[in-house]
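Visitor: Could you take me through one part of this model up close? I'd like the contacts and the cut-offs behind them.

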Amino acid sequence: MELVAREKDGVLYLSFIGQFWEREDVREVQSFFSTNTGETKRVVVVNLERLTFIGSIGLGAIMNLYSQLKEEECRLILFRPNGSVKESMELAGFPTIVPVVYDSEELERSLAPQA
């Protein structure tokens, strides 16, 4: 899996590209966050649009990321999961735990400051 990161307006945008199912993928995500802890953002958006497959290890890694960010009083938003990735996340109950948005307008509303 390829991990691409950028920051805009205090929001960290991550794109997961390819397949997320190997331990090495999890280590890459964990390494990214351990080396960027000094730059913690209030909101992290993970773009899953170009993720073609996610296995149970990838689902677990995202849930761990959600828990870690929540402890740090940060928000995680999953953006545009599709195909089998969307189906896997729905079966695992992700939409009831982690915010999942499917279009840019919905994402903008989710990024608006919360009262």
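Guide: Let's start at phenylalanine 16, which touches Met1, Glu2, Leu3, Val29, Val46, Asn47, Leu48, Arg50, Leu51 and Ile62, leaving aside residues up to four places away in sequence; contact here means heavy atoms within 4.5 Å. Bear in mind that this is a predicted model, where local features need pLDDT of at least 70, side-chain atom pairs count only at pLDDT 80 or more, and totals for chains, interfaces and linings use all residues. Residues are numbered from 1 along each chain as its sequence is written, and side-chain values use heavy atoms, with hydrogens and water left out.

Now for strand 3, residues 43-47 (strands are DSSP E runs of at least two residues, numbered from the N terminus). It is largely enclosed by the rest of the structure, because 5 of its 5 residues are buried, meaning under 20% relative accessible area with a 1.4 Å probe, protein chains only. Val43, Val45 and Asn47 point one way, while Val44 and Val46 point the other. In a regular strand the side chains alternate between the two faces of the sheet.

What about its neighbours? Strand 3 pairs in the parallel sense with strand 2 (residues 11-20) over 5 bridges, and pairing takes at least two DSSP bridges between two strands. Valine 11 has valine 43 as its bridge partner there. Strand 5 (residues 75-79) also pairs with strand 3 in the parallel sense, over 5 bridges, and there leucine 78 is the bridge partner of valine 46.

Conventions:
Buried < 20%, exposed > 50% of the residue type's maximum accessible area, 1.4 Å probe, protein only. Helix = DSSP H or I, 4+ residues; strand = E, 2+ residues; numbered from the N terminus.
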